[in-house]
Amino acid sequence: MKKFETLTTTVVPLPIENIDTDQIIPARFLKATTREGFGDNLFRDWRYDSNNQPKADFVMNDATYQGKVLVAGKNFGCGSSREHAAWAIQDYGFDVVISSFFADIFKGNALNNGVLPIQVTDEFLETIFDTVFKNPNTEIIVDLENQTVTLSETGAQQSFEINPYKKSCLINGYDDIDFILNNKASIETFEQTK
Amino acid sequence: MSKTLVEKIWDAHVVKREEGFPDIIYIDTHLIHEVTSPQAFDGLRKRGLPVFRPNQTVATADHNVPTLNQHLPIKEELSRYQVDMLTKNCAEFGINLYGLGHPYQGIVHVIGPELGITLPGKTMVCGDSHTSTHGAFGAIAFGIGTSQVEQVFATQCLLQQKPKTMKIEVNGDLQKGVGAKDIILYIIAKISAAGGTGYFIEYAGSAIRSLSMEARMTICNMSIEMGARGGLIAPDQTTFDYVEGREFAPKGEEWDQALAYWKTLYSDDDAQFDAVLEFDAADIAPMITYGTNPGMGMGITENIPATQAQPESEQPSYQKALNYMGFADDAPILGKPVDYVFIGSCTNSRIEDLREVAAFVQGKQKAEQVEVWIVPGSKQVEKQAIEEGLDKIFEAAGFQLREPGCSACLGMNEDKIPAGKYCVSTSNRNFEGRQGPNARTMLVSPLTAAAAAVTGIITDVRELI
């Protein structure tokens, strides 16, 4: 897993609530057997019409909005456990998703792939949307070490929570398997006493 | 110290607990399927690791399989490749596979229980969010991502934060024509598609207690639709009677030992839950969803809630959902025309569901313009349906009994609902495009689905029974 570093970037705003993983990557694109290439079909049915033409009114087809952070409405990533959703987001080029609420499984999948889900308050989410819609060049600064997210234009800042273990995984670029494998003896002992 | 059922099972599976880290939890049983496993097998190869405990993983092919002519090679190239890849991976890593053509093949959450693989007190995971189904037996069962599938392959463990616990009690008697699917759609409508996030839910109360195992599975199956990782029900005589004698259930002395343990699996009287909700079964009508998440549900005789009645910040998303569905504020849903009826999925494809539908449609005909697909949950369900003559009833009614798989629940195979068409579905998700690009899904119980199949419009089944 690649190491997560402090990020300063413009953002892509998607103020829709309850975005489920079927929207992020529809099931018909889950037939691949590798982790790569899902970005092409990220938000497929919102991005393209039935003739595979880009829909002009979708934010990802609007050159005004670009960047490495996706900002979305509450309950992002609900529904199916497909990790393909996190792969698609990462493959497209997002390193961070900001929302006011995340579904559990998506959050875990994102963290396991080096994509940082940042939960902010409803009010701060509104502030981000307002600021970005007024000025699409607004940059956001994500500082994982200090657990803060800051709007460069206004200086508006909020701190966010992250499990300390997961934080160290992101910063150091290691994953859960490395951690559990270091406890193999405990697992074998557990099996014998069970 | 008094404990909830979740805590009892969780604590019995902690391999290591260390301050500042998630628990290392031992996983008794790992279920896999063709869609979320290939990248995990690849990961093992890259790390040069074997599957640590191959006997504790069971595989089947379900998400991507056709539901017609399963004896022929899969036509769609990518689907065939993915299913073949599962066969190859299982052979290479020594995993037992109930693939296409095997008498035990079926939807992963249907075969686990019917084979006696799902047992009280177990920890079970699968790369599928509806793994919560197995909680009906008093197991901790939850869906995981592919990186975690790889973790379980490599270590038979997961790193997990201990979840918060919620108790949902449903007491009293259900109305005629109202079943488990209506109970869970009602609860989700009450607490929203995010209301259970962060929790494991224990369902309790007299209305839950009186349900069969199939019905309990329907309830636990949809726990994820309110964001909960899992849902479970304390095992009781209904559970033990269901499990006893099944292929992989303990036998003889082992059965006696297991049973003695299972009888300790309940929440202590004074156990503390992080949240408690109570509902009255008599308040529940046949339910239907009108929007694009499972929380957008209502009693079937109600009108579609107005956009203005939603909190202001939620109105744009709400309006987007109604536009997608082609529905208007305040309109009744009764009488809306139906194009497709899908009876299947890990929520409602068990023998009891098929029996209920057959009993209702016996002597009736489907409405001419409606296409009706019945997709059994497993080869065993299909076999039993045929032995009981249900196939003849379906055939006479114009319903098509297909072969097992996830089918139109997620439209990964060719069973897709065409754009713009309305499908009354016994599955678990009404997301945009879930059953096919621009398909419109209304989630209901098997009985309400059968009623719509016969009348061709959204119908209150209570008036027909």
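My entries on chain A and on the aromatic pairs follow.

I noted first that this is a predicted model, where local features need pLDDT of at least 70, side-chain atom pairs count only at pLDDT 80 or more, and totals for chains, interfaces and linings use all residues. Residues are numbered from 1 along each chain as written, chains are lettered from A and ligands numbered from 1 in written order, and side-chain values use heavy atoms, without hydrogens and water.

**Chain A, build.** I found eight helices and eight strands in chain A (DSSP runs: H or I of at least four residues, E of at least two, numbered from the N terminus). The C-alpha atoms fill a box of roughly 60 × 45 × 25 Å along the principal axes. I looked up burial next: 58% of the 194 residues are buried (under 20% relative accessible area, 1.4 Å probe, protein chains only).

**Chain A, contacts.** I took pairs at least 6 apart in sequence; 64% of their contacts join residues at least 24 apart (contact: heavy atoms within 4.5 Å).

**Aromatic rings.** I searched the whole structure and got 26 aromatic pairs over all chains (Phe, Tyr and six-membered Trp rings, centres within 6.5 Å; planes under 30 degrees apart are stacked, over 60 edge-to-face, the rest tilted). B:Tyr98 and B:Tyr104 pair edge-to-face, at 5.3 Å centre to centre and 80° between planes. B:Tyr98 is buried at 4% relative accessible area. B:Tyr104 is buried too, at 18%. B:Phe394 and B:Phe399 are stacked, because their planes lie at 5° with centres 6.2 Å apart. Both B:Phe394 and B:Phe399 are buried.

Terms used:
Buried means under 20% relative accessible area, exposed over 50%, partly exposed in between (1.4 Å probe, protein chains only).
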